[in-house]
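Take a look at the sequence and the model below. Then read the short notes on its surface and one of its helices.

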Amino acid sequence: MKKIKLKKLIIPAVNAAAIAGILILSAAGSHSAAKQKYNFTAEKWQGESSESFWQVSSFFDNDSGFDTSRVRSVRGQIMTALKNASCDTESGMKLFTDAYCADVGMAKIKCDTSRRADAEITAVGGDFFYFHSFDLLSGAYFSEEDTMQDGVVIDSQLAWEIYGSEDVAGKNIYINGVKCYISGVVAPPADKASKKCMGDSMRAYVSYDTANAMAVYGGSASAESGSPSFKNITCYECVLPQPVENFASKTMDDVFGTSYKGSVRSVSNTDRFTPSKRAKAFRKISESVVHDDGIKLPFWENASRITEYRLSWLYAFRRLLMAIPALTLAWLGFRLIRLYRRSKAELRKRAAELIDRIITKHRKNSAENA
């Protein structure tokens, strides 16, 4: 008897363990994806709106020719596509938002005292800090709407290195000799993937005006004009309405696909971490991570790709676990069908007897009432 009871417990126990594993893996996957916050800008932009929005990021190689002089044209093309699709948002809300940036390289940083440091400089434009909402420790972000474009956002490591404090908003900072002021101090991303991709470099984010001033001071010259300048863009991010499936991705492919063919790679951020997409991508996992097209990706995109890789394994294993209760249900359904077929005659006989009793009782009640 004990052996029979043990056998009867095996299937429920295996299914309970599988369901528990599915729930744990689902929670772990959601937690891991949520750490890559920049991929969820569309949700933040949508807010309480009934409209559906989508985020797409495009990455360019250094020789693509895409730069700040072409941003206005790109925005115009996006607006035209939205109008052609009859996109309309609720009153007072912009149809789309975008951001762009490029790696300027390492620079010498100093403050008003003698303290110095080396930091990785990124030139940013558009709503960059809306897409990349770092944890702000002091001060504020600068914007392309600011009258003066000499603000700099630095990470806390750099703040401590040159001033010995995080509370340094408003203080002067000199980047390769160009005087700026510290607009805000942010905490570096704390998730493992981002920390791995960032390395040990301290970072500062500057406007394109400041990057241009650095180029002038440093004497670097653009290939086109021969005059010192910096206007290169290697990352363009956009959140726009999604009236129909794949509209956002197709729009950005139309905008960049022809002019920058072979020099651009686009990513659909909004659905990149969904379980179905990641489990499906498991079959081609090496293709989704390794690329040899020469496009240098920013640390946040590399961190997202590491997360994609991990989630592909996680959700592929979750799909295997989901097969256990599915097969169990199929087996139970098969057993029920077999049981019904074996007992079909007996069931019909009992059903007929029940119907006869009901009819007889009804006739008897009718006769008594008459």
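Predicted model: local features only at pLDDT ≥ 70, side-chain atom pairs only at ≥ 80, totals over all residues.

Residues are numbered from 1 along each chain as its sequence is written, and side-chain values use heavy atoms, without hydrogens and water.

**Positive patch**
- Patch residues have over 30% relative accessible area and no salt bridge; like charges are joined within 9 Å, nonpolar side chains (Val, Leu, Ile, Met, Phe, Trp, Tyr) within 5 Å.
- A salt bridge puts a side-chain nitrogen of Lys or Arg within 4 Å of a carboxyl oxygen of Asp or Glu.
- Helix H6 (residues 192–198) gives the most, with three residues.
- Helices are DSSP runs (H or I, at least four residues), numbered from the N terminus.
- Lys35 sits in the loop between helix H1 (2–34) and helix H2 (41–46).
- Lys35 is partly exposed, at 42% relative accessible area.
- Buried means under 20%, exposed over 50%, and partly exposed in between (1.4 Å probe, protein chains only).

**Nonpolar patch**
- Ile10, Ile11, Val14, Leu329, Trp331 and Leu332 form a nonpolar surface patch, with about 540 Å² of accessible area together.
- H1 and helix H11 (299–342) each supply at least two of its residues.
- Val14 lies in helix H1 and is partly exposed, at 39% relative accessibility.

**Helix H5**
- In helix H5 (residues 156–163), the buried residues are Ser156, Leu158, Ala159, Ile162 and Tyr163.
- These cover an arc of only 160° around the axis, so they lie on the same side of H5.
- The arc is taken from the directions from the helix axis to the C-beta atoms.

Methods. Areas by Shrake-Rupley, 256 points an atom, 1.4 Å probe, with all protein chains shown as cover.
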